[in-house]
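Subject: Structure handover

Hello,

Here is the structure I promised to pass on. My notes on it follow below.

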Amino acid sequence: MSLSITFHGAAGMVTGSKHLLELPDGRRILLDCGMFQGEGPASDALNRRFGFKPESIDALVLSHAHIDHSGLIPRLVAEGFRGPIYATEATRDLCEILLADSAFIQENDFRYDAKRAKKQHAAMTEVGPLYSSIDVDAAMALFRVLPFSTPVEIMQGVTLTYIPNGHILGSASVHLTVAGREGVRKITFSGDVGRYVDQLLPPPEPFPQADVILCESTYGNRDHPPAEGTEQELLGHVQRVCVEQQGRLIIPAFSVGRTQEILYALNRFFNQGRLPHVPVFVDSPLSINATNIYRKHSALLRPEIRKELEQDPDLFGFPGVEFIREAARSKELNTRKGPSITIAASGMMDAGRIRHHLFHGLPNANNAVLIVGFCAPGTLGAHLLEKPDVVHMYGEDVPVRAAILTMGSYSAHGDRNELLQWIGCQDPGLVNKVFLVHGTDESMAGLRTLYTQHGFTHIDLPKQGQRFEV
Ligand SMILES: [Zn+2]
């Protein structure tokens, strides 16, 4: 029985996850529908052409809510997809806020560009947002929520099981079985594999034996620093910046995952009586919405954390923390005197309210910026990591006198040893093919070597648009 897989994204790169599975009878299942990000016009061009007909897809199976895995779903629907979108409940809830935010940003950017072009009497080069908030509503209506760890027949002869994989709330690896005349084929797609030592989520779970595996490789050639001591290090930064220097600790953080990890750590310090009396601001409506979804799905958190809930019903809030939705209140922070901790998005510092905090906070040597997430090349975050004397923001040169601190131990992705641990539940002799996706050339090469050493002999590194019979 011949199945085929065509790689329409995250092939030889990290973003744009989209893998098209074609069954022998012609039915088509799309695994993830992610947006390409971070490459400017090149990403935009890729985002405007799927490489397949959206109406020809029978079902979409979503691994998790991150935009590089879900961000083009509204466009898929706008271009004719009408099938079911399978996801876990938490993934669905997160998609609702992330896709709405994505549409909002695109519509805003488009209006801004149009205004500027009109002012300069220039022609608009931009062809419009990828989708609108109306398209998001239409997409959300197609979601079908599935439980974890339960095989469900999603179409005749095809079962889908979501295996918890510890990456973000609701995230899962996808295990599909396809029954045909010559037996059953078993295909596992890793999604993004999380950590075995995550602060909030239980470790990735083993998955049933597969004969074809699609595996992410983001950190396929790297190790994370040890996770022990992470909380102590964070508390040390708070103590030094906010108490000793009486400065502002500015923490750029992804709205989903990292913001909740930081809040959870601060909440623990508070409960233990170790958090200094410093106001904490969470300045991002999206982060607040995401935190509420973490609260709603606290049953998915680590068992130890669920136990803590019996003592403390809110793991992400404590006296002294203010969640800020209104822009006016956010602006008041710019002129506020005295020490504080400000957590704001975006994590890579290219958009969002964090930019105002940096603009006002960077010139003061008593302040510090604590970078706790990955910053893609070309972003302001990546630039700050080089510790420049000056950055250019809002048409001004802003001196960087604040300390630039980093904590590399926070990551939503397993490192190479954790990727090895993830695939360790498999008998390599029964795996016909491993495809490495979602990585750079270096990280995929590193993971290929590692997996080969452990008996996985048929490994391919697909290129964009490449089709394989499996
Ligand atoms: Zn992800």
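The protein has 470 residues and a radius of gyration of 23 Å, which agrees with the value near 23 Å for a compact globule of that length; the radius is taken over C-alpha atoms, and the globule rule is 2.2 Å times the number of residues to the power 0.38. This is a predicted model, in which local features need pLDDT of at least 70 and side-chain atom pairs count only at pLDDT 80 or more, while totals for chains, interfaces and linings use all residues. Residues are numbered from 1 along each chain as its sequence is written.

Overall: along the principal axes, the C-alpha atoms fill a box of roughly 70 × 60 × 40 Å. The protein contains 14 helices and 22 strands, taken as DSSP runs (helices H or I, at least four residues; strands E, at least two) and numbered from the N terminus. Of the contacts between residues at least 6 apart in sequence, 73% join residues at least 24 apart; a contact here is a pair of C-beta atoms, placed from the backbone, within 7 Å.

E96, L99, A100, A103 and F104 in α4 meet S133, V136, A139 and M140 in α5. By class, this contact has seven nonpolar, one polar and one charged residues (nonpolar: Ala, Val, Leu, Ile, Met, Phe, Trp, Tyr, Cys and Pro; charged: Asp, Glu, Lys and Arg; polar: the others, Gly among them).

Backbone points to check on screen:

- A345 and S346 are joined by a cis peptide bond, with omega about 10°. S346 sits in the loop between β15 (340-344) and α11 (354-361).
- A10, not a glycine, has a positive phi of about 50°. A10 is in the loop between β1 (4-7) and β2 (19-22) and is buried, with 27 other C-beta atoms within 10 Å.
- Q246, also not a glycine, has a positive phi of about 55°. Q246 is in the loop between α6 (230-244) and β12 (248-252) and counts as partly exposed, with 13 C-beta neighbours inside 10 Å.

Regards

Methods. Two residues are in contact if their C-beta atoms, placed from the backbone, lie within 7 Å. A residue is buried if 20 or more other C-beta atoms lie within 10 Å of its own, exposed if 12 or fewer, and partly exposed in between; C-beta atoms are placed from the backbone.
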